[in-house]
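Subject: Structure handover

Hello,

Here is the structure we talked about passing on. Please open it alongside this note.

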Amino acid sequence: MLVLSKKEYYQSQFFIARNYSAKTWKLINTLLPGRTKATSTSPNLTHPLSGECQQNPIDIANILNDFFVSVGKNMASKIIPPQSNKTHIAKMSCQSSFYLHETSAEEIMHIIDTLTEKKGTRQNDIPVKILKLCSEILSPFLAKLFNNCINQGIYPQNFKCAQVTPIHKSGPENVCTNYRPISVLSPLNKIFEKLLYDRLYHYVECKNMLSKHQYGFRAKVSTEFAIYDIVECISENLDQKIPTCAVFLDLSKAFDTVDHSVLLWKLEHFYGIRGLPLQLFENYLHRREQYTVVNKCRSQIQQINCGLPQGSILSPLLFSLYVNDLPKVSNFKTTLFADDTCLILANKNIDILEKMVDQEINKVDSWMRHNKLSLNYSKTVYMIFNSDKKQSSPFRVQIGSNLINRVHSTKYLGMHLDHKLSWDTHISKLESKLSCYSGNFTEFKSI
């Protein structure tokens with residue numbers, strides 16, 4: 001008879017739960033295609049400052065645009081910088097230099113061919129379908145334009161203007177905070193961004209610059225790898241009866257508060273992006289603009305002074321580089337997937353573990369504040385994994401004056417982890433969610 005160790009048992013349960021979820025949702029998406037969210041906006045909106053009710057679509061568009069533009073700036077201004085810089089900058093240096101080589105008409109044609117026609121475009125933009133039909137004619141001209149930008153370190157201003165559509169999330173429809181901005185950029189911008197992305201990504205991967213614990217937006221890497229990394233670490237500790245603390249950080253509007261000067265400093269000193277390429281990325285970030293459209297009415301254009309652009313191909317990679325040094329600032333085992341971060345620390349003595357977590361978590365908090373990332377203390381949680389039931393002494397995690405909530409289960413990258421690694425909570429949550437769709441399945445009884 002095959003006998004599994006605790007580590008092997010926990011890992012096997014993870015694969016069962018993961019496969020169960022994946023196959024179930026794949027079946028549902030096959031049976032219930034085209035489930036999309038409505039994009040309509042309320043016929044009236046309450047002004048967040050005056051409290052007046054606005055009904056004119058242009059006024060509503062301007063109010064929402066003001067709100068979307070100011071969110072990141074206001075949040076970043078509330079982040080209190082740390083007193084010292086010593087523990088906030090990881091010891092990283094780069095001797096390599098990034099070379100941004102020119103493009104060709106053939107490469108442009110290939111990129112155009114990969115564009116999706118179903119994606120939205122801004123008002124007055126050339127539709128992707130037309131670009132594809134005329135790609136052979138347009139590609140030489142676009143290649144010349146992009147090469148001039150590369151050689152002069154200039155990003156076209158028109159490419160930096162986003163059209164925003166407000167999408168209602170939940171709650172009253174007349175409240176600004178209940179809308180999510182969906183940004184659309186020019187198809188020509190997407191071609192240029194894809195060109196820059198391919199060169200930058202190839203460079204950092206070839207030079208092994210991305211942390212091995214960085215799983216977000218990488219080729220052939222998914223959320224499953226990040227979750228398995230966590231499960232493997234915790235299950236190994238449980239197998240050896242070592243108490244483990246896992247802290248799941250929650251960041252508020254992480255992409256919107258990214259500080260341009262900090263990002264550019266890291267691109268230069270950590271990744272060797274200097275000279276004209278750095279100037280091009282600086283120009284790409286600065287003087288970005290957006291306008292909001294409500295019922296075909298367009299707001300005034302406003303400038304965005306901080307954060308990474310929404311709807312951008314480059315933004316996810318730039319954010320990964322921005323947070324890439326986080327694993328080096330503390331003794332936590334740090335797992336990153338975009339702005340979803342898990343910190344793990346273990347020690348045989350649970351009292352010593354508590355002191356270690358207290359010391360290291362404040363290093364992480366200082367790094368966050370130095371990098372203008374807003375940690376949501378009320379939604380940040382932690383779990384204790386301990387196979388020894390006798391060790392039941394109180395355990396507390398505190399960041400500054402903020403007491404962090406201890407939970408027995410939490411959702412991380414789409415899967416519910418519990419303090420026993422049993423996956424019962426995940427399967428229970430999944431079954432509960434599936435019951436919401438049970439009524440739809442009656443249509444398929446005769447199939």
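Below is what turned up, from the whole chain down to single residues.

This is a predicted model, in which local features need pLDDT of at least 70, side-chain atom pairs count only at pLDDT 80 or more, and totals for chains, interfaces and linings use all residues. Numbering runs from 1 along each chain as its sequence is written, and side-chain values use heavy atoms, with hydrogens and water left out.

**Whole chain**

The chain has 12 helices and 18 strands. These are DSSP runs numbered from the N terminus: H or I of at least four residues for helices, E of at least two for strands. Of its 447 residues, 47% are buried. Buried means under 20% relative accessible area, exposed over 50%, and partly exposed in between, with a 1.4 Å probe and protein chains only. Areas are from the Shrake-Rupley method with a 1.4 Å probe; for residues, only the protein chains shown count as cover. Among contacts with a separation of 6 or more, 76% are between residues 24 or more positions apart. A contact means heavy atoms within 4.5 Å.

**Helix 6**

Helix 6 covers residues 187-206. Its 20 residues span 28 Å from first C-alpha to last, close to the 28 Å expected at 1.5 Å a residue. The expected span is 1.5 Å times one less than the number of residues. Of the 20 residues, 14 are buried, so helix 6 is largely enclosed by the rest of the structure.

Look at both ends. At the start, a side-chain oxygen of Ser 186 comes to within 3.1 Å of the backbone nitrogen of Leu 188. After the helix comes Asn 208, with a positive phi near 55 degrees. Asn 208 sits in the loop between helix 6 and helix 7 (223-239). It is exposed, at 66% relative accessible area. Most residues other than glycine have a negative phi. Arg 287 is another non-glycine residue with a positive phi, about 55 degrees. Its place is the loop between helix 9 (275-285) and strand 7 (288-294).

**Salt bridges**

How many salt bridges does the structure hold? There are 7. The criterion is a side-chain nitrogen of Lys or Arg within 4 Å of a carboxyl oxygen of Asp or Glu. Three of them follow.

- Asp 198 pairs with Lys 194, with the closest N and O atoms 2.9 Å apart. Both lie in helix 6, 4 residues apart, about one turn. Asp 198 is partly exposed at 28%, and Lys 194 is partly exposed at 27%.
- Lys 266 pairs with Asp 325, again with closest N and O atoms 2.9 Å apart. This pair links distant parts of the chain, 59 residues apart. Lys 266 is in helix 8 (residues 260-269), and Asp 325 is in the loop between helix 10 (315-323) and strand 10 (333-337). Both residues are buried.
- Lys 363 pairs with Glu 360 at 3.4 Å, N to O. Both belong to helix 11 (residues 350-370), 3 residues apart, about one turn. Lys 363 is partly exposed at 24%, whereas Glu 360 is buried at 5%.

An α-helix has 3.6 residues a turn, so residues three or four places apart point the same way.

**Thr 103**

Is Thr 103 buried or exposed? Thr 103 is buried, because its relative accessibility is 10%. It lies in the loop between helix 2 (57-77) and helix 3 (105-114). Its side chain makes a polar contact of 2.7 Å with the side chain of Glu 107. Such a contact is a pair of N or O atoms within 3.5 Å; within protein, one must be able to donate a hydrogen and the other to accept it, and residues adjacent in sequence count only if both atoms are side-chain atoms. Beyond its neighbours within four places in sequence, Thr 103 touches Ile 108, Ala 143, Phe 146, Asn 147, Leu 195 and Arg 199.

**Surface patch**

Ile 126, Ile 130 and Leu 133 form a nonpolar surface patch, with about 280 Å² of accessible area together. Patches take residues with over 30% relative accessible area and no salt bridge; like charges are joined within 9 Å, nonpolar side chains (Val, Leu, Ile, Met, Phe, Trp, Tyr) within 5 Å. Ile 126 is in the loop between helix 3 and helix 4 (128-133). It is partly exposed, at 38%.

Best wishes
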